[in-house]
Amino acid sequence: MTGEPSPETDVSVAAVSDEPIEEEMDEGTRLQLEKQRRADELRAQEVFIKRSTGKHKCTNCDFEYDETKGDSYLIGGMNKPGTTFAELPSNWRCPTCRASKDSFEEVVEEIPGFEVNQGYGLGFNSMTGGQKTGIIFGGLGLFFVLFLSGYAMS
């Protein structure tokens, strides 16, 4: 023995030093770690539901195929409104850049929240953030107009 610590003693010292740290933890720190662990569990349970918009976007040129419009409004377009993207022929190409049908990605909306809660709340839980914002600011605007119309009556 040359006085240098051997690898076995380093490991045992590290293992022994981990245990007292947990025991020396005060109540506030332990409570905070428990809250953090619970918050992490809840974040893992949160599911973002993806809802199709009926649009598909070309990854090359950003052209959007809208299923409600089809492509009959374009020059040479043969697909009527209401034609889903899956029903398009396999040789269909992007009208702008001529990319194949495989180059398109579906455009989806994300609805945040817990999946089990999506059916509650008078339908508000199944709305996107933009729809909720529109309702909130629309309601505030309506209230403002009604408030100002009270001054017009006098």
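Leaving aside neighbours within four places in sequence, tryptophan 92 is in contact (heavy atoms within 4.5 Å) with Phe63, Tyr65, Asp71, Asn79, Phe85, Ser100, Lys101 and Phe104. This is a predicted model, in which local features need pLDDT of at least 70 and side-chain atom pairs count only at pLDDT 80 or more, while totals for chains, interfaces and linings use all residues. Residues are numbered from 1 along each chain as its sequence is written, and side-chain values use heavy atoms, with hydrogens and water left out.

Trp92 also belongs to the largest nonpolar core, whose nine residues are Cys58, Phe63, Tyr65, Phe85, Leu88, Trp92, Cys94, Ala99 and Phe104; such a core is a set of buried Ala, Val, Leu, Ile, Met, Phe, Trp, Tyr and Cys residues joined through side-chain atoms within 4.5 Å.

Histidine 56, in strand 1 (residues 49–58), is buried, with a relative accessible area of 9%, where buried means under 20%, exposed over 50% and partly exposed in between (1.4 Å probe, protein chains only). Not counting residues up to four places away in sequence, histidine 56 touches Phe63, Tyr65, Phe85 and Phe104, among others.

Confidence, given as pLDDT from 0 to 100 for each residue, has a mean of 80 over the protein, with 84% of residues at 70 or more.

| Element | Mean pLDDT |
|---|---|
| helix 1 (residues 7–23), lowest | 47 |
| helix 3 (residues 129–152), highest | 91 |

Over residues 6–20 the pLDDT is below 50, and beyond near neighbours in sequence this stretch has one contact in the model. Where pLDDT is low, the predicted coordinates should not be read in detail.

Definitions and conventions. pLDDT = per-residue confidence, 0-100. Helix = DSSP H or I, 4+ residues; strand = E, 2+ residues; numbered from the N terminus.
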